[in-house]
Amino acid sequence: QDYLNRLRQIEPQIRSFLHVSENAIKEAEAIDRKIERNEELGPLAGVVVGVKDNICTLDMPSTGGSRILEDYQPAYDATAVKKLRDSGAIIVGKTNLDEFGMGSTTENSAFQVTANPWDTSRVPGGSSGGSAAAVSARQCVVSLGSDTGGSVRQPASFCGVVGLKPTYGRVSRFGLMAYASSLDVIGCFGTSVADTGILLHTISGHDRFDATSSKREVPDFWSQVISMKHVESKPLKGLRVGVISETLGDGVDMGVRSLIQAAASHLEELGSTVTEVSLPSFSLGLPAYYILASSEASSNLSRYDGVRYGKQIAAEELTSLYGDSRANGFGPEVKMRILMGTFALSAGYYDAYYKRAQQVRTLVQKSFKAALDANDILISPAAPSAAYKIGEKKNDPLAMYAGDITTVNVNLAGLPALVLPCGFVEGGSAGLPVGLQMIGGSFDEGRLLKVGHIFE
Ligand code: GLN
């Protein structure tokens with residue numbers, strides 16, 4: 001009840017939720033009854049969780065932030081949601097996002113723009129801006145987002161919370177609306193590294209409904225983190241940290257750069273060795289990402305035809321039914337991505353765009369491999385700047401895309417990355433938070449969480 005009260009009280013200023021659960025109190029009461037009867041409780045019993053609205057929920061609409069799914073009510077829970085419910089968590093509502101995850105501010109939501117709790121004239125980041133803002137404003141304890149090119153990490157940075165993008169395949173994508181299937185992952189937000197690790201542990205693991213989910217064993221991240229003793233003066237002794245030099249040059253705000261350098265010195269004080277490492281293909285990652293993500297989106301979004309799901313615009317001809325439903329249902333950014341993707345995949349252009357972008361992807365993977373052979377983790381800013389004003393980049397898509405330079409390479413390589421607050425730059429009335437990104441080797445989330453926990 002406390003969380004619902006707070007959620008409702010703050011919602012008019014922040015606008016992070018698209019739906020609020022009508023069952024939350026009933027679910028909490030059921031937990032109370034279990035406690036009275038001394039029955040066993042799940043590990044997350046009563047924990048209030050927000051879920052990004054591109055993740056399917058049985059008891060609430062799931063719009064993906066799009067008009068085309070305005071009335072859509074899934075017939076099933078996403079596997080990550082089911083796992084949360086099985087462990088006793090209460091899904092309190094569905095959070096706002098850029099339409100189908102396409103954007104970096106939540107301004108591309110068909111329904112509302114979410115505000116940054118640190119300064120409500122600024123964006124919370126995106127596309128999981130609602131999930132990040134909801135945790136930052138304490139409308140829920142933890143939340144789920146999705147990260148195709150940075151959509152968990154950049155909003156975590158803008159809203160001053162912890163965000164985790166797991167290794168591709170660590171968490172089932174069953175019930176996550178596909179944007180770019182080879183890049184999409186469900187990720188976690190929390191106010192501490194420990195909470196974020198517990199959430200990851202709950203939702204991870206193989207799922208027979210997602211053939212790309214990994215069969216690897218899921219370590220108990222939480223016990224690993226909690227078992228650590230902080231008695232040693234150099235708890236990170238032996239850890240090799242590489243600072244990605246391409247992320248500390250032009251295009252990254254001075255204030256952000258100096259906070260990342262300060263974070264690197266702090267890691268050194270904790271016992272690690274810090275060196276600079278270069279990823280030569282780094283800048284190629286951005287155009288490659290936008291070609292690949294748009295190409296996959298153009299294919300994935302063909303399922304929204306006005307027949308199978310959501311909104312239908314009646315027409316005499318079947319082709320006009322498809323055309324009118326899509327023309328009315330999709331917003332401008334989604335239409336632009338479908339056009340770009342269809343172009344990149346079309347005969348005659350495929351070799352010049354899609355194929356080259358796939359080759360760049362291989363280069364990016366190789367350069368990360370080399371950097372992570374020489375280092376245990378890599379660090380960089382999560383985003384080139386702190387949160388900017390609502391409307392500032394809305395009409396300049398290239399400027400907005402450029403802000404993804406620090407995150408998209410990680411998705412191309414499928415690696416895990418943890419973002420945690422590392423200080424403030426000037427702005428707003430209280431300063432604006434900045435996030436440090438730590439990138440690890442495949443399935444090495446446990447190490448990221450340990451280092452993150454010691455760092456925070
Ligand atoms: N901003 C990026 C995009 O618009 C990333 C989005 C995401 O990770 N879902 O594609």
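Analyst: Y322 counts as partly exposed because its relative accessibility is 32%; buried means under 20%, exposed over 50%, and partly exposed in between, with a 1.4 Å probe and protein chains only. This is a predicted model, where local features need pLDDT of at least 70, side-chain atom pairs count only at pLDDT 80 or more, and totals for chains, interfaces and linings use all residues. Residues are numbered from 1 along each chain as its sequence is written, and side-chain values use heavy atoms, without hydrogens and water.

Y322 sits in helix α10, residues 318–329 (a DSSP run of H or I, at least four residues, numbered from the N terminus). Together with V307 and L318, Y322 makes a nonpolar surface patch of about 270 Å². Patch members have over 30% relative accessible area and no salt bridge, with nonpolar side chains joined within 5 Å; a salt bridge is a Lys or Arg side-chain nitrogen within 4 Å of an Asp or Glu carboxyl oxygen.

Now for the inside. The whole structure holds two cavities of 30 Å³ or more, a cavity being a set of points on a 1 Å grid where a 1.4 Å probe fits but cannot get out, lined by residues with an atom within 4 Å of a point.

Key: Patch = residues over 30% accessible without salt bridge, like charges linked within 9 Å, V, L, I, M, F, W, Y side chains within 5 Å. Areas by Shrake-Rupley, 256 points an atom, 1.4 Å probe, with all protein chains shown as cover. Helix = DSSP H or I, 4+ residues; strand = E, 2+ residues; numbered from the N terminus. 1 Å grid on protein atoms, 1.4 Å probe; cavity = no way out; pocket = protein on both sides within 12 Å on 5 of 7 lines; lining within 4 Å. Points joined across faces, edges and corners; volume = space filled by probe spheres on them.
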